[in-house]
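Hi,

Here is the structure I said I would pass on. Have a look first, and my notes come after.

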Amino acid sequence: MRFTTATDASTAASALTFAISAIIAAAPSAVADNTTEPLSSFWTRPLSQAPALNVSIQDGFSEGYVFIAPYDATHSGPYIYNKFGDLVWDGYGVTGSANAHNFRPCTYHGSQHLCFTQVNQQNGYGIGEAIIVNSDYKVVATAQTGGNVQPADMHEFQLLDDGQTAILSAYEIIPYDLSGFNITTGMGWISQGVFQVINVTSGDVVFEWFAANHVDPSDTQIAPNQTDTGGDGFSPETAFDYFHINAIDRTPSGNYLVSARHTGAIYYVNGTDRTISWRLSYLGPSDYACTNFNFSFQHDVRLHSENDTTTVISIFDNASNGFTTTTSQSSGKVIAIDHTTGNATMIQEILFPSDDDAGILSTSQGNTQPLSNGGYFIGWGVNPYFSEHSSNGTAVLLGSFPGVENYRAFTSRWSSTPSSTVPEVYAYALNSSSDARVYVSWNGATTVANWRIYGAKNNDDGERGEFEILATTAQQGFETEWQATDFYDWVRVEALSSNGTALRNSSITPVFVPSAALAGACDDAGCPIASTYSSSDKDEL
């Protein structure tokens, strides 16, 4: 019996549907509600409760892994999966008790690392810090806002200049005259969006921008106490979040694109004097007309190209905040802004791949990642899906992880042979006449192609004999299962690369054999997970 469903990544045909029912059937009964939040379970990593992926479309997707950071989950944290639905790295605990967001590979000091923010979740934003993790999954640096700004928020953390500097977002609470919003009984409070460029090593602030200095609260498309994250403006804890900064991208010219959800606008900020050069909005003030599209409450603005006459950007168009809706479904959009005509034109739209073409409406979060092959990878925000699309918008990958939320989803190549950990092994046999079963995994390792399995028997004196090679078997999913043709008292496993190079040995592991009292509940495949006591006299034990 496999303790978890794992698909052989080398056999795409068998992986077309990573069935949730198989995960539920294999999971222990101790795992809570596996219908609303399907979880993974493994013999070799028994405390793991990573979200289980259901991959329902696989057709010509790009190379790379999937990076998500679910929250409101049983185990909230950063996770890596392959595109067949198999867990690659369980990062639960790396962020301690705080949520992880915006998790993806990044370049730091010339090599690939992982970047994310870990925050204490507030209503619509976060308070925390940015984290940089190396390929051994060890924290090597952190980044934090400076000056008089609140600690970093989760909405944006982006390394620049090979990791010398970084963009960080933050939410700053300030007293404000809100009489224009019918608050005249006293001083009101607003939450203004802030972003800083900071030196990662020294912590010095290189550049900073405060929304309230440039965007009047009257530009907002929400009212106090009228949305789930807007706040009522009566206290610092419930400050009116009129702007809601959620993305910043630096242009090659040294300027910045800024996305604000609650004003429904994209701003082009001058990187020298901080002024707004232009803004694009459908609901509010705009320097450009949206000629063939609308958008609202958007996320994840990214620059594609710019010259003297045209700027091309992508956004994730939420199209709704749950209270005001401009379109029936959310989408990724690519927009060309013509600075000579004053027109903005949608040149591509990427929709959710639903059978009925009704799409999906994500009222918060989400992202649109441009890929080097001309395609796009979409994280569908509050709806726990990700999808990959070819350059013409056709879906080539669709994955879901029900019961949780995820701010952004990414795909990228990634390589790791963790230097400070070893493969984990569990081995089982019903009795000393039964064939041994071996389970092996190595959390986060991407370079393992095969496992070389060794076994040893005790001699007549009860001492361990010499190890012999039993087999070499292909790595399969997160946890590989292999069955011997004999009983062994001891096993160890060696990880091998695709060219046969030995990567790491596991610890020597005894084969678990159930006692006579337990064996009656077990079979050749294993023992069920205990859920009750066998005797009403348990208190006497």
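Below is what turned up, from the whole chain down to one residue.

This is a predicted model, so local features need pLDDT of at least 70 and side-chain atom pairs count only at pLDDT 80 or more, while totals for chains, interfaces and linings use all residues. Residues are numbered from 1 along each chain as its sequence is written, and side-chain values use heavy atoms, with hydrogens and water left out.

On confidence: pLDDT is the predictor's confidence in each residue, from 0 to 100. The protein chain averages 92, and 92% of the residues score at least 70. Residues 1-33 stay under 50. Where pLDDT is low, the predicted coordinates should not be read in detail.

On the fold: the protein chain has 2 helices and 34 strands (DSSP runs, H or I of at least four residues for helices and E of at least two for strands, numbered from the N terminus). Its C-alpha atoms fill a box of roughly 85 × 55 × 55 Å along the principal axes. Buried residues (under 20% relative accessible area, 1.4 Å probe, protein chains only) make up 56% of the 541 residues.

Tyr125 counts as buried because its relative accessibility is 14%. Leaving out residues up to four places away in sequence, Tyr125 touches Asn120, Asp153, Met154, His155, Tyr171 and Ile173 (contact means heavy atoms within 4.5 Å).

Cheers

Methods. Buried means under 20% relative accessible area, exposed over 50%, partly exposed in between (1.4 Å probe, protein chains only).
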